[in-house]
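Take a look at the model below. We will go through it chain by chain, from charged pairs to whole interfaces.

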Amino acid sequence: MAYTDRVKQILSWYPSDSPGTLTNLARLLNTGTLAGTGKMVILPVDQGFEHGPARSFGPNPAGYDPDYHIQLAIDSGCNAYAAPLGFLEAVAGKYMGEIPLILKVNNSDTLAKVANPMSAVTSSVKDAVRLGCVAVGYTIYPGSGARNEQYEDLRDIIAEAKSYGLPTVLWAYARGNMSKEGETGIDVIAYAAQISAQLGAHIIKVKPPQDFIEQPEAKKAFEKAGIATKTMADRVKEVVRSAFNGKRIVIFSGGESKETPALLEEIRQIHQGGGFGSIMGRNAFQRPHAESVKLLKDVMNVFAGK
Amino acid sequence: MAYTDRVKQILSWYPSDSPGTLTNLARLLNTGTLAGTGKMVILPVDQGFEHGPARSFGPNPAGYDPDYHIQLAIDSGCNAYAAPLGFLEAVAGKYMGEIPLILKVNNSDTLAKVANPMSAVTSSVKDAVRLGCVAVGYTIYPGSGARNEQYEDLRDIIAEAKSYGLPTVLWAYARGNMSKEGETGIDVIAYAAQISAQLGAHIIKVKPPQDFIEQPEAKKAFEKAGIATKTMADRVKEVVRSAFNGKRIVIFSGGESKETPALLEEIRQIHQGGGFGSIMGRNAFQRPHAESVKLLKDVMNVFAGK
Amino acid sequence: MAYTDRVKQILSWYPSDSPGTLTNLARLLNTGTLAGTGKMVILPVDQGFEHGPARSFGPNPAGYDPDYHIQLAIDSGCNAYAAPLGFLEAVAGKYMGEIPLILKVNNSDTLAKVANPMSAVTSSVKDAVRLGCVAVGYTIYPGSGARNEQYEDLRDIIAEAKSYGLPTVLWAYARGNMSKEGETGIDVIAYAAQISAQLGAHIIKVKPPQDFIEQPEAKKAFEKAGIATKTMADRVKEVVRSAFNGKRIVIFSGGESKETPALLEEIRQIHQGGGFGSIMGRNAFQRPHAESVKLLKDVMNVFAGK
Amino acid sequence: MAYTDRVKQILSWYPSDSPGTLTNLARLLNTGTLAGTGKMVILPVDQGFEHGPARSFGPNPAGYDPDYHIQLAIDSGCNAYAAPLGFLEAVAGKYMGEIPLILKVNNSDTLAKVANPMSAVTSSVKDAVRLGCVAVGYTIYPGSGARNEQYEDLRDIIAEAKSYGLPTVLWAYARGNMSKEGETGIDVIAYAAQISAQLGAHIIKVKPPQDFIEQPEAKKAFEKAGIATKTMADRVKEVVRSAFNGKRIVIFSGGESKETPALLEEIRQIHQGGGFGSIMGRNAFQRPHAESVKLLKDVMNVFAGK
Amino acid sequence: MAYTDRVKQILSWYPSDSPGTLTNLARLLNTGTLAGTGKMVILPVDQGFEHGPARSFGPNPAGYDPDYHIQLAIDSGCNAYAAPLGFLEAVAGKYMGEIPLILKVNNSDTLAKVANPMSAVTSSVKDAVRLGCVAVGYTIYPGSGARNEQYEDLRDIIAEAKSYGLPTVLWAYARGNMSKEGETGIDVIAYAAQISAQLGAHIIKVKPPQDFIEQPEAKKAFEKAGIATKTMADRVKEVVRSAFNGKRIVIFSGGESKETPALLEEIRQIHQGGGFGSIMGRNAFQRPHAESVKLLKDVMNVFAGK
């Protein structure tokens, strides 16, 4: 399939990367229903590790099975499937590249509460190579007192991943020295997107930003510059702009599970604001199979402008 | 272009460096409008990481775009453009050395407040080599309880950078165990310049020093030696003298955004005091394009003695 | 200096190189009288090693001095100066990048006659980094029974040089299992240019091809395809075409010393045939200083289309 | 110059060191006015880093210049010049071994007050090799809660220095969990000298001990053994005895700046007590040039027994 | 001892070397009777290895003892003593730097005749560091079919030696594919000096050149350029010129043992021709002690211009 102009344009925003890294980035952009549109929907399943199995897979017990998720991603036409080492080990050698894989190399469980959130690096870039992944995923917690350590880990992971031609997908969850609302405040999410881009992420994943501003200095700046924050579309626009004026791929999580109409409305707003896509886990795999396939296809239709 | 006597003189102050490191130092001195004068104006854009995107780029939204800044540096005839990894990745492979690049390898966000300021090392000397940079930049916070760790990190970075022929530009911001005024006190800034030079920095960046003395012992020494601190020119002279009697390149930040006349008057004083140039970020890129090009050119005219 | 469209076009032919390597390639294209034209004239002085001092420097004894040659390259506006380790060691720390340097990492003396010509690797890529060079130079002898060993050495040197952002200039001298005429036969030179490009050279240096075809199979092919070989311009055109249809920089040696009018006529033909420039040693430095500066400037005028 | 019997005797006290390390130790003993006497006067200039530039160089502003100090050491016939990285970088490649250099690899600024004094390791043994130094210098703070970390750092530095044939000069400043008087108490200084020798230092630098005993257990021991502490000569004798019965070179700092007669009297006592020499910074370089040369020569005359 | 202008001038010819390497080069120039003159006489004793003990030490059996030679070098005021590992191991820890040592790292015995002469690398640069040497020595045989291997070994040894601040003394003996006369022919010796300089040697040792030209092409070049070769002074001048126009230190061996008057006449010619000194083994140590001391002093007097 010849590359579309849009895909070529997006790849041109990464002029310092090797052909190998760009090739894998292109694979992400050229797979599934949204192939060639420059948009992407990724199925991530790290909740088993992050929230425990019953909370994650109880609602739809088929999800206890690692084969379930990759097949769901294929059936629904996703661009990629992302998971921790174990889930990928369980399927990579069987599906052998049928859908692009992203190895989430760090993960955090919820068995111990800590003041400064910090994930464990539970697998390696070499694992990603071995499993035929097209990218690695990493999570940072801007706002955590341990963030500098995370940024430095990430620096090494990005460098190693590049050396194998793998781009990096960065989960940026603001968390730590801030209010609960602040974690999804528009100023904080936009700042997290900027940090992610400056750290060298190829694809940035943030939560949908809310109409709240955490930092007093940011409040002044938003008001002075007249940056609209009322609608989700407004806010997504600001987040995308904060990721190098839209020259980095920013995708949005579905967040906590919610009703389908509310979810699709949010997707529409993200699309309208210039978001590059969604990374949707619980809202997808916790529904029955047919329903989740339909939902993902509906989401893709939004991003396809249909 | 044949080297001027002034450039040769400046290079002679670094007699222990390899030809490779001196070659890159010369590139910084021989680029742009001030090429050959021994003076330099550098455009640094790390504020997106340090202060967040809205505060940094809201005033002139063109600055959200990574292409904007390198083009601004070229258009205005700067000696170099300095930025964190992400901003350089976004342009290095496109501009291919059209202007000397400085990779700021450590950076600090303002999402978490800490007692002892400390930046994360978010990129590496090898990244600087890969991107074709002519120097690396590093920030120390003399006064921070974590300063020794920073000095030791810096030691390794300087040594690695030298092994690739890259000089080091040191951002020295006194911060930590001192009063707010003390951070820009003449004794503290002069001391920070001395520390920077002793640590082996090739180019030292400090804030314009104010007529305030933080340390009682320094107060006595200034008085006894009759060191003038009244005008900015007086103070810059003392800072430059503190950097090996002017045998290390010391440049001054523009500091917080201010009105043009005040800014240019400060530049005149810096020039009069023997400062080697300016590193001007917010005061440049937060203005509209034409205005910032004009400002930078006016600043260069001051340093060119026009 | 803003990059010209021609320089940007040439750099676009190397899309898989790192920004660092492209930056140094750009430095070669943007220095000296021909800066920005996409043409280059390089002064190489390896004859002291290759032919001995009296044969090389006897005609103009100023050339015994290592300072002479780099100054000649500067005075005449060359793009770069190329030499073995010793000559560069003697000047690099003194000139500190005043003109781009190319370290010829392998060299061959003529004290022992061997069946299969083979140079010794007398310096390293790390030496080139230490001395602030913008490229490394390497010589292959296609036709030598030892050529495969040379190609494999070169493979490692190109890879190491790239890791430091250094492009490779390849001296391709056909020599060995062929007739004396064959060494400069059009089929052989074109073939050597093709091999050089396939080996990954950024800049290829060959001798001016003569109207002679060494290989019977080539003779048939030239005839069948109607490739003109009568004039030097015809032959240069074929050589350049053989270097990826002109998408690799091919420059031509001046060859043995000859009279100025003949030399300039040859240059005109090379220019007419699309050659990217000249690398001229003996014909330059064996003349008295003023005469050689004039000659090099005349050569540059030809390539500048003046 | 043939080695004197005294130099040979001193070197015989280090029978387990390599010829390389002994060679450099001998260089220290065989340079300057005191060459061959077994005595040494060293000029150390680390005060710019330790106390700030105005306090250090304000009294004699010529000292802002790095060239000033090495030239002062040469002019006055010192055995060696010791300084942090920056000051040595600024002169090593220019003086090329004209006087033995000692790189002080760790240093502490006074911008932040800390409970447990600890220097940063601001340069490396490899830097000392690169700069042609004959020894490395290191500071420990016996009494600091961080002393064990310092001893362990030192262990590695001594071992690495030996691998390059470099002896170690140890600055032993008791500081931390003791009274202000205790820092220069005879028991503490003697103890610090013993620790230094046990840690493997080749040359030990302590402050002139005062007639004060910090530790009750030491008080008893001094009294019981009838160790005289009344005169400086008495106390120096005890300190030297504590450094392996005089089989390690112990030199004494000049301490805070004081009047010349008092200073020379102190030197006489140190000499009388068997001290091996002085390491004199502020008392030297803060005087006008002629005066400081005279002072240093007077000091050397004392140690030369003239 | 302050450096003389001549020593500073000579050191300025090595502008790309580290301060450490220049410091050791200066030690060679600043030791012994000729200290500061820019001339040097070195005592080399590798004949035990190269020719066997009886041939070497039979004439003066004191020479069987390793202590004999270093003491001879000291007694006669040489700049340095050069020998293979064993001889240096036997004295370095005893003399501890009393005279600069040069470790000859490769050596060749005469027990097996080979077509292509090649020495074994019998010790390492690290040995030189451990023994406190100021330089390493290496032998190449230009003309040997194995010369390329030697040049490549040398490349690595020079690079490693530089990393420890050690310069390299190169023994260049043309030997192999040439006539017996050719080995000391003026063209060959001059060519060997040029090759040595291009390979990066700091000090070059060749045999006194004879009035014979080996290579036909060289013969033409000598004649055309009118290079005088009649007297030894003429020929030495050409050899020195061939070593970067006199910007590399070239010293001459005494060659086979001969009568004192003839020897001193040769030295006078070498001095007159601009040679930097002599490296004299057999002619020194095979004489009785007093006689050899006298001879060496007479030689030094010639180079001192007395």
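**Charged pairs and the chains they join**

Over all chains, the count comes to 72 salt bridges. A salt bridge here is a side-chain nitrogen of Lys or Arg within 4 Å of a carboxyl oxygen of Asp or Glu. This is a predicted model, in which local features need pLDDT of at least 70 and side-chain atom pairs count only at pLDDT 80 or more, while totals for chains, interfaces and linings use all residues. Residues are numbered from 1 along each chain as its sequence is written, chains are lettered from A and ligands numbered from 1 in the order in which they are written, and side-chain values use heavy atoms, with hydrogens and water left out.

Start with a pair that crosses between chains. The side chains of D:Asp109 and B:Arg147 form a salt bridge, at 2.8 Å from N to O. D:Asp109 sits in the loop between strand S4 (106-107) and strand S5 (120-121) of chain D, and B:Arg147 sits in helix H8 of chain B, so the pair joins two chains. Helices (H or I, at least four residues) and strands (E, at least two) are DSSP runs, numbered from the N terminus. Are these two residues buried or exposed? Both D:Asp109 and B:Arg147 are buried. Buried means under 20% relative accessible area, exposed means over 50%, and partly exposed lies in between (1.4 Å probe, protein chains only).

Now a pair inside one helix. B:Arg241 and B:Glu238 meet in a salt bridge through their side chains (2.8 Å, N to O). They are three residues apart in helix H11 of chain B, so about one helical turn separates them. B:Arg241 counts as partly exposed because its relative accessibility is 22%. B:Glu238 counts as buried because its value is 3% relative accessibility.

Other pairs reach along the chain. C:Lys104 and C:Glu50 form a salt bridge at 3.6 Å, N to O. C:Lys104 is in strand S3 (residues 101-104) of chain C and C:Glu50 is in helix H3 (residues 47-51) of chain C; this pair links distant parts of the chain, 54 residues apart. Both residues, C:Lys104 and C:Glu50, are buried. Salt bridges can also share partners: A:Asp17, A:Lys162, B:Glu89, B:Asp127 and B:Arg130 are joined that way into one network.

**Where chain B meets chain D**

Contact means heavy atoms within 4.5 Å. Chain B brings 38 residues to its contact with chain D, and chain D brings 40 residues. The size of an interface is often given as the accessible area lost when the parts come together. Buried area is that loss (1.4 Å probe), summed over both parts. Between chain B and chain D it is about 3,100 Å², and carbon and sulfur atoms give 57% of this. Which residues of chain B lose the most area to chain D? They are B:Ser16, B:Tyr191 and B:Gln198, together 21% of what that side buries.

Four salt bridges are counted between chain B and chain D. One pair is B:Lys162 with D:Glu89, at 3.1 Å from N to O. On the side of chain B that touches chain D, H9(B) gives the most, with eight residues.

**Where chain C meets chain E**

Here 41 residues of chain C are in contact with 38 residues of chain E. These chains bury about 3,100 Å² between them, 57% of it on carbon and sulfur atoms. In chain C, the residues that lose the most area to chain E are C:Phe49, C:Tyr64 and C:Leu111. Four salt bridges are counted between chain C and chain E. E:Lys162 and C:Glu89 meet in a salt bridge (3.0 Å, N to O). On the side of chain C that touches chain E, the largest share comes from H6(C), with 10 residues.

**Chains apart, and a rotation**

Some chains do not meet. Chain A and chain D do not touch, and their nearest C-alpha atoms are 21 Å apart. Chain A and chain E have no contact either, with closest C-alpha atoms 28 Å apart.

Finally, a rotation of 69 degrees with 1.0 Å of shift along its axis superposes chain C on chain E (RMSD 0.1 Å). The two copies are thus related as by a five-fold rotation axis. Copies are superposed by least squares on the C-alpha atoms of residues with pLDDT of at least 70 in both. In chain C, the C-alpha nearest the axis belongs to C:Glu149, 12 Å from it.

Key: Buried area is the accessible area (1.4 Å probe) that two parts lose on being put together, summed over both.
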